[in-house]
Amino acid sequence: MGKRVDYIIDQLNKGNSLVFKQLFREYYPAIRSFAYTYTQDDELSDDLTQDAFMKLWERREQFDNSAVLKSYLYTTVKNSAFNHYRHENIHDKHKEKIKYLKDESVFIDNVLEEEVHHEIHNALKDLSPQAYKVISLSMSGHSNPEIAEKLNISINTVKTIKQRAYKTLRKKLKGIYWILFLMMT
């Protein structure tokens, strides 16, 4: 028996597909049954077992005896089952996020929103540094008196700068009104 096993392992190492098929037929039922103890699912058990044998074939040169080979198959099935359920658990945990990401209308809304932000940012970059500061502070919720105090200018100067900046922004952003309309509907 020992010489036969040595011959089989030697032939497997050399890539003999007939020997591999023989090992597959011999070990498949036990490995598949072992997989089922972890999965309780026929289809998944078949998949895990077949994957284990595919990995065995890819690493066929690494085995020097049948005990190591069988141990490899069992360990591979156990690890694959664990990875499968870990992945499934992660998927379930993020199911709502995945659903959100697959939603085409959410995708379109996000694209439109990013485009509007991009256009507004580009328009703001073209303002003078003083006007940029005033508008940025205003968009952050600061009142005219707060802006005047922060920038050490008068309230009337803040109003004038805002008025001119908004006029400039309206001209630059004229083309995106339709996007803003789409975002609001």
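## A walk through the helices

The structure holds eight aromatic pairs, where rings of Phe, Tyr and Trp (its six-membered ring) pair if their centres lie within 6.5 Å. This is a predicted model, in which local features need pLDDT of at least 70, side-chain atom pairs count only at pLDDT 80 or more, and totals for chains, interfaces and linings use all residues. Residues are numbered from 1 along each chain as its sequence is written, and side-chain values use heavy atoms, with hydrogens and water left out.

**Stop 1: colour by confidence.** The average pLDDT (the predictor's confidence in each residue, from 0 to 100) is 83 for the protein, and 84% of the residues score at least 70. Helix α3 has the highest confidence, at 94, while helix α10 (residues 177-184) has the lowest, at a mean of 55. Where pLDDT is low, the predicted coordinates should not be read in detail. Helices here are DSSP runs (H or I, at least four residues), numbered from the N terminus.

**Stop 2: select F34 and Y38.** The ring centres of F34 and Y38 lie 5.1 Å apart with planes at 75 degrees, so this pair is edge-to-face (planes over 60 degrees apart; under 30 is stacked and the rest tilted). F34 and Y38 are four residues apart in helix α2 (residues 17-39), which means about one helical turn separates them.

Stop 3: Contact means heavy atoms within 4.5 Å.

**Stop 4: bring in α3.** Helix α3 (residues 42-58) and helix α4 (residues 66-93) have axes that come within 9 Å and cross at roughly 130 degrees. That makes α3 oblique to α4 (angles under 35 degrees count as roughly parallel, over 145 as roughly antiparallel, 65 to 115 as roughly perpendicular and the rest as oblique). Which residues of α3 meet α4? They are L44, L48, T49, A52, F53, K55 and L56, and their partners in α4 include L69, Y72, T76 and H84.

**Stop 5: move to α7 and α8.** The axes of helix α7 (residues 129-139) and helix α8 (residues 144-151) come within 10 Å and cross at roughly 135 degrees, and α7 and α8 are therefore oblique to each other. Select K133, V134, L137 and S138 of α7 with I147, K150 and L151 of α8 to see the contact.

Notes. Axes are lines fitted to C-alpha atoms, for helices over the stretch in contact, and angles run from 0 to 180 degrees between N-to-C directions. Helices (H or I, at least four residues) and strands (E, at least two) are DSSP runs, numbered from the N terminus.
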